[in-house]
Amino acid sequence: MQFIVSTLEQKYVANNGKKTMHLLNTIKQYLFKYLRGFSPPLEKTYEKTTVLQSLLIAKSNRSKERVKCLSEVEFSGFSQWGEDGIIDWLIEKLPEIPKTFIEFGVEDYRESNTRLLLHLRNWRGFVMDGSAEHISNIKRQDVSWRYDLTASCAFIDRENITQLIAASGLSGNIGLMSVDIDGNDYWVWQAIDTVNPAIVVCEYNAVFGDLHQISVPYQADFQRTHAHYSNLYFGASLPALMGLANQKGYVFIGTNSNGCNAFFVQKDLAPAVMNSITEIKAFPSSIREARDSAGNLTFACGIERVEIIRHLPVFDFKTKSIRLLGDIGNLYSSEWLQES
């Protein structure tokens with residue numbers, strides 16, 4: 001326990017007293033890891049407590065007919081940031097959507113965007129990860145037999161994603177899809193045509209800014225850390241994902257306040273949600289996860305993160321060409337510059 005306290009103190013100092021939610025998430029993550037290693041019964045107790053607390057907050061959120069933006073309904077039960085709260089609120093606004101989900105890039109699934117859907121709404125789900133160890137771990141967890149959850153091991157690319165989803169038995173309309181693979185997110189979502197999620201949650205790279213439609217060029221075996229040691233070079237900009245969403249028949253409804261996950265709803269379902277949101281807000285990211293070539297955190301923030309990867313190539317959807325990130329020009333709006 002002393003190790004946990006010490007680690008939390010270090011993280012609090014390193015983050016210079018950032019948002020309370022960030023600190024609470026850190027406490028949750030380390031406590032979960034501690035309990036998992038100490039005693040399975042304690043882990044089960046922790047999960048039940050998390051579900052109960054999440055249910056109480058969710059019920060309070062569900063009574064909100066109108067919110068300023070999505071961040072108003074954020075909370076984290078099992079999600080990394082506030083996605084659990086946003087997803088639950090959206091589903092409450094769309095009660096007729098299918099009770100099925102797909103999520104890929106879940107690691108051992110203890111931190112995910114859909115685990116709470118099993119507990120609170122008894123949805124059916126399909127999850128994927130590239131690690132056989134993670135998938136084996138998921139299959140040993142209680143959620144794999146308590147609920148209709150299928151877990152599959154696969155390194156996802158745009159060539160195999162359709163086949164992988166088809167093998168799960170899911171097709172046509174589904175409730176939600178969450179995309180977080182730290183790399184080819186744009187290209188994989190673009191390739192998916194066998195399912196039509198009512199809600200899509202997709203990670204964006206806020207370091208790429210909010211002015212240009214850009215993405216890492218497609219590379220089937222792309223791995224974030226191997227692509228560049230900083231961990232800053234991955235995925236697509238928010239404008240790129242918004243453009244793709246529009247092509248696929250979706251409306252952008254906002255992001256989480258930490259500036260990493262964007263939310264989209266099918267156009268024909270959008271009025272039920274859009275009429276309940278005052279401002280469609282897109283947040284930049286203040287997450288300081290950059291690392292040096294030795295793997296140490298550098299705590300780089302703001303525009304200095306761009307300087308670290310400016311020499312790397314990106315695909316520019318406006319010019320339909322590969323360019324160096326540093327040649328794109330100004331990446332950030334004045335609002336994002338102030339908030340980053």
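Let's start with strand E4, residues 172–179. Six of its eight residues are buried, so the rest of the structure largely encloses this strand. Buried here means under 20% relative accessible area. Keep in mind that this is a predicted model.

What does E4 pair with? Take strand E1 first, residues 100–104. E1 and E4 run in the parallel sense, with four bridges between them. On that side, Leu-176 of E4 stands opposite Phe-101.

Now strand E5, residues 195–203. E4 pairs with E5 as well, again in the parallel sense, over seven bridges. Val-179 has Cys-202 in E5 as its bridge partner.

How do we get from E4 to E5? Helix H9 is part of that picture, residues 185–191. Together, E4, H9 and E5 form a β-α-β unit, and the unit is right-handed.

Next, helix H11, residues 238–247. Is H11 largely enclosed or largely open? Seven of its ten residues are buried, so the helix is largely enclosed by the rest of the structure. Which ones are buried? Leu-238, Pro-239, Ala-240 and Leu-241, then Gly-243, Leu-244 and Ala-245.

And what do those buried residues pack against? Two helices: H9, and H14 at 334–339. Also four strands: E5, E6 at 214–215, E7 at 250–255 and E8 at 261–266.

Note on methods. Residues numbered from 1 in each chain as written. Predicted model: local features only at pLDDT ≥ 70, side-chain atom pairs only at ≥ 80, totals over all residues. Heavy atoms only, no water. Buried < 20%, exposed > 50% of the residue type's maximum accessible area, 1.4 Å probe, protein only. Pairing = 2+ DSSP bridges. Right-handed = clockwise from strand over helix to strand, strands pointing away. Contact = heavy atoms within 4.5 Å.
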